[in-house]
Amino acid sequence: MSEIISQIINKDQLSKADLIHLLSLEGDDRDFFLRESGNKYIENLGNKVYYRGLVEFSNYCTKDCYYCGIRKGNPNAERYEIDDKSIIEAAKFAHENHYGSVVLQAGERSDDAFTKRITNILKEIKNVTNGEVGITISLGEQTEETYREWFEAGAHRYLLRIETSNKDLYYKIHPENKNHNFEDRLNCIHTLQKIGYQTGTGVMIGLPFQEIEQLANDLLFFKAMNIDMVGMGPFIEHTETPLYQHKDKLWSLQRRFDVSLNMIAALRLLMPNINIAAATALQAIDPMGREKALRYGANVIMPNITPTLHRKDYTLYENKPCTDEGAEDCSNCLSIRVEMAGRKVGLDEWGDSKHYFNRTSGKQ
Ligand code: SAH
């Protein structure tokens with residue numbers, strides 16, 4: 001068995017059948033796959049892990065995704081909005097602590113007041129950090145004009161998860177209406193690439209109705225889309241959402257976790273020089289979840305630097321880790337964790353996706 005796995009690991013081109021094989025591994029075979037592919041990856045890409053200080057600055061949202069705890073239709077979500085000054089303070093904290101980059105994430109809004117406000121915040125962050133902090137944003141679907149305005153204001157990476165690349169499944173986890181349209185979301189990804197962002201996407205793993213074959217297709221989708229960064233993690237049900245009614249159809253949390261690590265390791269074989277994030281949701285299942293991801297393929301980790309007062313309210317899913325500690329605690333705890341995973345933090349570096357530079361110079 002381990003011979004077949006070694007053969008797959010050493011192939012130049014992975015087929016869909018190979019991916020399905022890897023994603024389905026369990027027990028000793030799985031351990032062998034993760035260990036061997038993890039070693040290959042560190043040999044190729046090196047030992048460095050990059051920090052992105054994560055600021056989840058608002059949970060107001062105009063969307064109604066069936067899986068998400070901060071969906072518009074959840075009357076029990078305690079809504080909050082962090083003011084500009086505190087967001088900029090958080091970015092300064094990241095800068096002073098040598099994080100290299102920040103990620104600004106929030107529920108989705110596209111009204112003028114919101115888009116202009118983001119433009120100002122981006123400029124101000126660049127200003128107060130002498131242009132030294134790299135900025136990733138994850139603010140959902142916007143017009144080309146807005147994406148351009150934010151790019152010009154200083155954001156250079158954008159994360160927009162496709163959530164699943166399977167259209168049928170997409171409409172099982174979203175309402176089918178003009179506010180939630182699969183093609184629109186796909187077009188947004190193309191637009192981000194056209195504008196010049198390092199472009200990230202991703203999926204949830206272990207959704208109700210999802211099959212291993214669809215996950216293999218998700219990986220091939222990232223490759224076909226020539227994506228620069230991926231953030232993907234386990235789906236975790238939230239009691240106050242419509243998808244909760246399907247909880248009996250879900251894989252066990254452990255299986256969702258295991259398949260998530262298989263996905264990360266397989267993606268690293270498929271796309272050796274992209275950035276892959278160790279998603280926070282991994283840690284909601286296993287206290288060492290993100291460190292395991294770093295060992296097997298992830299090279300980006302996102303310490304939460306949201307002011308603590310509001311952390312507990314960005315509850316996309318329940319059991320979210322680290323909602324009760326401050327940014328300082330988080331940073332100490334994380335650097336120890338990264339070292340435990342045998343990796344080294346690339347301090348003061350943007351840690352851009354190598355894939356992006358190859359893509360934009362026409363190499364791949
Ligand atoms: N408004 C932004 C950010 C969304 S929240 C946008 O549309 O891109 C960030 C990610 O959290 C989502 O893309 C989704 O993949 C993930 N997420 C939401 N609910 C989740 C759940 N119940 N379990 C796991 N991940 C979830």
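Tyrosine 170 and phenylalanine 182 are both buried, where buried means under 20% relative accessible area, exposed over 50% and partly exposed in between, with a 1.4 Å probe and protein chains only. The two residues form an aromatic pair that is edge-to-face, at 5.2 Å centre to centre and 70 degrees between the planes. Rings of Phe, Tyr and Trp (its six-membered ring) pair if their centres lie within 6.5 Å; planes under 30 degrees apart count as stacked, over 60 as edge-to-face and the rest as tilted. Tyrosine 170 belongs to helix H7 (residues 167-173) and phenylalanine 182 to helix H8 (residues 182-195), so this pair ties together parts that are 12 residues apart in sequence. Helices (H or I, at least four residues) and strands (E, at least two) are DSSP runs, numbered from the N terminus.

This is a predicted model, in which local features need pLDDT of at least 70 and side-chain atom pairs count only at pLDDT 80 or more, while totals for chains, interfaces and linings use all residues. Residues are numbered from 1 along each chain as its sequence is written, and side-chain values use heavy atoms, with hydrogens and water left out.

The count of aromatic pairs comes to 10. In one of them, the ring centres of tyrosine 147 and tyrosine 158 are 5.0 Å apart with planes at 75 degrees, so that pair is edge-to-face. Tyrosine 147 and tyrosine 158, together with Phe151 and Tyr197, form one aromatic cluster.

I close with a charge. Arginine 255 places its charged end over the ring of tryptophan 251, 4.2 Å from the centre; the criterion is NZ of Lys or CZ of Arg within 6 Å of the ring centre and within 35 degrees of the ring normal.
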